[in-house]
Amino acid sequence: MFVLGYQNGAVLHINNPARSNPSPRVRVRVRVVPSRALYAHRGVTEKKPSNVVRNKPKRKICTADELHYVAVPNSDWRLALWRYLPSPTAPQRNHPLLLLSGIGTNAIGYDLSPEYSFARYMSGQGFDTWILEVRGAGLSAHRVEFGEDSMIASANAKSTGGTTLSRESQSKSQLMETVMQSSQRLSGLLNEGEEPDALQFFDLQERLSTSLADFQKQLDLIVKNDWDFDHYLEEDVPAVMEYIRTLSKPKDGKLLAVGHSMGGILLYAMLSRCGFEGKDSGFASVTTLASSLDYRPSNSLLRLLLPLSDPIQALNVPVIPLGTFLAAIHPFASRPPYVLSWLKLLISAPDMMHPELFEKLIFSNFGNIPTKLISQLTTVFQEGGLCDRSGTFFYKDHIGKTNVPVLALAADQDLICPTEAVYETVKLIPEHLVSFKVFGEPRGPHYAHYDLVGSRLAAYQVYPCIIEFLTRHDMT
């Protein structure tokens, strides 16, 4: 397995030695990242292919066949792309498949285990499958993480008399203080209810301290770089689509796409924008899982977070450490006396996800969420639904102009994006182009937000539905 990164340089031939029956060689432009870590970067310009081919192991966290890095034009971001090569025994497909994840999550949600892997299932059906980790998520990296930050900081200090670093230090200090106060308030609220075992609270404090120590290491990146939904839409996704087209070479230049939660919202927004501008979206079909451009008709529990949006911005907190808090409170949601057991229902319905996979999802799948991103996404609860950062373009107003087939799937017990919210967008898409299905039965089994992707029944009920749709629209 190779760790690959795009750069205008050498043309190499890459094979996947991990497979007994390797796929045909592909001609790609790559830069092989030196192995000390995926977060280590050297700005080396390759002159000859023989000077740059060095096979290095991937990070253990990456379970894909290949890990690629894609440069985002006019930015310092290198986006991670997990690639799952199509099975040589499966039907040959005409289009590659792009998977987009939800807010504050990485690629792991699509590949929790070999038995319950959305990505592996799709590649096993013959699709060249790619999972995008947008900027700030998972293994995507910034030049700060590539070791270039010290030179930048030094230059800024010289040009501003040291004030730049001072402000950043102050911002980081304020952010850490805010996070610590929030964690203490969380412990206080828990203490006001039933008295769990004292060791559990000690464990919570220890978890928070450990998690916050890791969080502190990321603040250099967080303070200097913030982004919103439009950055994903206008920069990250287009860059990755172009990269995939270059390597997979579909004859018509199109991709199939599946998006869960915010990933589906991104796909809807792209269809809307392209419909408005009269441009080709580059998609042969789009599948959305628990996604909508307008949540107002629903009783989404995300409404409870709306009052926090303005204070967070007023405090100038750049990021919400979602992964830190979920990991810290997990024991109180999954063990007696189940003080926060209701939080589990936001993710998975009872008995739908194996406990060890649920735990892996909690501890490995979630990261940080920029407050600018949260601020823009809260417009799904406002008149007109989701809008761009300028507040003048409302995506639902133009989704009906798309000419791309859409499969919209919903979960019957989704507390984040209820079926009413999903349908609010579905009804705006031309009827001959859209298919809508709700998973879950009145007497069970039931599906919650993440069950569409990684539950024990998804491979038997959800995945085949998606494969049928993808196959139908994979014809050239």
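Me: How much of the protein chain is buried?
Reply: Of the 476 residues in the protein chain, 53% are buried, where buried means under 20% relative accessible area, exposed means over 50%, and partly exposed lies in between (1.4 Å probe, protein chains only). This is a predicted model, in which local features need pLDDT of at least 70 and side-chain atom pairs count only at pLDDT 80 or more, while totals for chains, interfaces and linings use all residues. Residues are numbered from 1 along each chain as its sequence is written, and side-chain values use heavy atoms, with hydrogens and water left out.

Me: OK, and what is the mean pLDDT?
Reply: The mean pLDDT of the protein chain is 77, and 64% of its residues reach 70 or more; pLDDT is the predictor's confidence in each residue, on a scale from 0 to 100. Over residues 146-169 the pLDDT is below 50, and this stretch has 20 contacts in the model beyond near neighbours in sequence, a contact being heavy atoms within 4.5 Å. Residues 189-196 also have a pLDDT below 50, with ten contacts beyond near neighbours in sequence.

Me: How many helices and strands are there?
Reply: The protein chain has 15 helices and 15 strands, which are DSSP runs numbered from the N terminus (helices are H or I with at least four residues, strands are E with at least two).

Me: Let's take β8. Is it buried or exposed?
Reply: Five of the five residues of strand β8 (residues 129-133) are buried, so the strand is largely enclosed by the rest of the structure. Thr129, Ile131 and Glu133 point one way from β8, whereas Trp130 and Leu132 point the other way, and all are buried.

Me: Which way does β6 run against it, parallel or antiparallel?
Reply: Strand β6 (residues 77-84) and β8 run antiparallel and are joined by five bridges, and two strands count as paired if DSSP finds at least two bridges between them. Within this pairing, tyrosine 84 stands opposite threonine 129 in β8.

Me: And β7?
Reply: Strand β7 (residues 97-100) runs parallel to β8, with four bridges joining them, and leucine 100 has leucine 132 in β8 as its bridge partner. β7 also pairs with strand β10 (residues 255-260) in the parallel sense over four bridges, where leucine 98 is partnered by alanine 257 in β10. Leu97 and Leu99 point one way from β7 while Leu98 and Leu100 point the other way, and all are buried.

Me: What do β7, helix α1 and β8 make together?
Reply: β7, helix α1 (residues 118-124) and β8 make a right-handed β-α-β unit. Right-handed here means that, with the strands pointing away from the viewer, the path from the first strand over the helix to the second runs clockwise.

Me: Switching topic: how many residues are in the largest nonpolar core?
Reply: The largest nonpolar core has 110 residues, and those with the most contacts inside it are Trp82, Phe118, Leu132, Phe229, Phe283, Val462 and Ile466. Such a core is a set of buried Ala, Val, Leu, Ile, Met, Phe, Trp, Tyr and Cys residues joined through side-chain atoms within 4.5 Å. Helix α6 (residues 229-248) contributes ten residues, the largest share of this core.

Me: What does phenylalanine 283 touch, I mean what is it in contact with?
Reply: Leaving aside neighbours within four places in sequence, phenylalanine 283 has contacts that include Met241, Leu267, Met270, Leu271 and Val404.

Me: Now helix α7. How far apart are its end C-alpha atoms?
Reply: The end C-alpha atoms of α7 (residues 262-277) are 22 Å apart, which agrees with the 22 Å that its 16 residues should span at 1.5 Å a residue; the expected span is 1.5 Å times one less than the number of residues. Since 13 of the 16 residues of α7 are buried, the helix is largely enclosed by the rest of the structure. Glycine 278 follows α7 and has a positive phi, near 70°.

Me: Last one: where is the cis peptide bond?
Reply: The peptide bond from glycine 444 to proline 445 is cis, with omega near 0°, and proline 445 is in the loop between β15 (434-439) and α14 (451-454).
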